[in-house]
Amino acid sequence: THAEIVELLNTKSELSAKKKDGHRRPPFDATSTLDRKQLVETIVHAADLSGQCMDKYYALESGKMIMMEFHRQHLREVAEDLPITPFMANLHTPLEQARCQLGFLVYVVAPLWRAMA
C-alpha cells in the first residue's frame, strides 16, 4: 500500500543515515533481490502519482479525469446504498475538487516524494 511504501522509504533513509566507518551506506542494496524489487515498486508507484508534477495542461486534464472518476464512484455508492467515501462527495463543485486535489498533494504525494528525496 501507499503507507507501507512511505514507511519503507523512511526506514531505509534512517538506516542509511547511520554511518559505518564514517561512510553512509546506500538505502537499497543492489545485491539484494528484495531491495531491488522494493525500489522498482517504489519508482512505479511514484510515477503513477506524478500527474500533478507534469506541465500545467496535463496536470489539469489528469486532475479533471480523476475527479470525474471519483464523482462517478460517489454516484454509484449512493445508487447502490453503499457506504459513502467522504472525500468523493460533492466533487461536482470546483471548490470541492480543489480541496480534494490539495489533500491529495499534501497527504499522499508530498510524504512520498519527501521520503524518496
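The legends below describe an overall view and several close-ups of one predicted model.

The model is predicted, with local features requiring pLDDT of at least 70 and side-chain atom pairs counted only at pLDDT 80 or more, whereas totals for chains, interfaces and linings use all residues. Residues are numbered from 1 along each chain as its sequence is written, and side-chain values use heavy atoms, with hydrogens and water left out.

**View 1. Overall fold of the chain.** The chain holds 4 helices and 2 strands, where helices (H or I, at least four residues) and strands (E, at least two) are DSSP runs numbered from the N terminus. Along the sequence these elements follow the pattern α-β-β-α-α-α. With a radius of gyration of 18 Å, well over the 13 Å that the globule rule gives for 117 residues, the chain is more spread out than a compact globule; this radius is taken over C-alpha atoms, and the rule is 2.2 Å times the number of residues to the power 0.38. The C-alpha trace spans about 60 × 35 × 20 Å along its principal axes. Of the 117 residues, 26% count as buried, a term that means under 20% relative accessible area, with exposed meaning over 50% and partly exposed in between (1.4 Å probe, protein chains only).

**View 2. Helix α4 and its kink.** Helix α4, formed by residues 94-116, has 23 residues and reaches 31 Å from its first C-alpha to its last, close to the 33 Å expected at 1.5 Å a residue; the expected span is 1.5 Å times one less than the number of residues. At V109, shortly before the proline P111, α4 has a kink of about 40°, the bend being the angle between axes fitted to the seven residues ending at a residue and the seven starting there.

**View 3. The buried residues of α4.** C100, Q101, V109, L112 and A115 are buried in α4. The buried residues of this helix pack against α1 (2-17), α2 (33-48) and α3 (56-79), contact meaning heavy atoms within 4.5 Å.

**View 4. S50 in the loop between α2 and α3.** S50, which lies in the loop between these two helices, counts as buried at 12% relative accessibility. A polar atom of the S50 side chain lies 2.7 Å from the backbone oxygen of A47.

**View 5. A17 in helix α1.** A17 has its place in helix α1 and, at 41% relative accessibility, counts as partly exposed. The C-alpha atoms of A17 and P27 are separated by 8.4 Å, the two residues being 10 residues apart along the chain.

Methods. A polar contact is a pair of N or O atoms within 3.5 Å; within protein, one must be able to donate a hydrogen and the other to accept it, and residues adjacent in sequence count only if both atoms are side-chain atoms.
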